[in-house]
Amino acid sequence: MSGQVIEVAKKSFVTLLHSGGRSPEIPESQDVYGWLVGSWELEIVSYRGVNVRARKMTGEAHFGWVLEGRAIQDVWIMPRVSDRAPETDRVNNMYGTTLRVWDPEIHAWRIRWTNPVRGHEERQTGRRIGDEIVQVGARADGTPTRWRFTEITPKSFHWIGDVLEADGKSWKLEAEFLARRVV
């Protein structure tokens, strides 16, 4: 092994994945996700199409720049790490990650979400539309999806996940989270 390869091998996976900020290859005007970097508390309003507000379910989300600043990766966790146990309910259980990669060819972000707890995966494309960040795509079975970051402030956001009904016109709420910045 060369000296350079040995030095890289000594670094941890996390160190190699993490980046200190956005790559200059991403125009500042297209940096629609950088504001998310940090940690957030989640209040779960709706999950899997069920209003769960009365259950006072909580979660957390953590975002960071990765891959030399060419992507934003997150981890969404519900219930919170401090509330998780081996017997955690698999229905209302999320420990997944999203990778949002800037694609200069389409001037948008290519998005991949996976929650291995439930075997759920999504592929979407994200861009800013007005005051919202809108991600659209389709599941493996062809069901169209739309996820939105709305009511965005430096300290909070409202996240809404919808699926298109069979009529091809109506969106059905599947999930809704209220987020508050922790760090």
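Modeller: Buried means under 20% relative accessible area, exposed over 50%, and partly exposed in between, with a 1.4 Å probe and protein chains only. By this criterion, tryptophan 113 and tryptophan 147 are both buried. Buried residues make up 39% of the 183 residues in the chain. Please note that this is a predicted model, in which local features need pLDDT of at least 70 and side-chain atom pairs count only at pLDDT 80 or more, while totals for chains, interfaces and linings use all residues. Residues are numbered from 1 along each chain as its sequence is written, and side-chain values use heavy atoms, with hydrogens and water left out.

Colleague: How is an aromatic pair read, and how many does the structure hold?

Modeller: A pair of aromatic rings is described by the distance of the centres and the angle of the planes. Rings of Phe, Tyr and Trp (its six-membered ring) pair if their centres lie within 6.5 Å; planes under 30 degrees apart count as stacked, over 60 as edge-to-face and the rest as tilted. The structure holds 17 such pairs. One of them joins tryptophan 113 and tryptophan 147 edge-to-face, at 6.4 Å centre to centre and 75 degrees between the planes. Tryptophan 113 belongs to strand β6 and tryptophan 147 to strand β9 (residues 144-153), 34 residues apart, and the pair thus links distant parts of the chain.

Colleague: Which strands does β6 join through bridges?

Modeller: Strands (E, at least two residues) and helices (H or I, at least four) are DSSP runs, numbered from the N terminus. Two strands pair if DSSP finds at least two bridges between them. Seven bridges join β6 (residues 108-115) to β5 (residues 94-103), and the two run antiparallel. Seven bridges also join β6 to β7 (residues 120-129), again antiparallel. In the latter pairing, arginine 112 has arginine 123 in β7 as its bridge partner. The hairpin of β6 and β7 has four residues between the strands, and glycine 119 in the turn has a positive phi of about 70 degrees.
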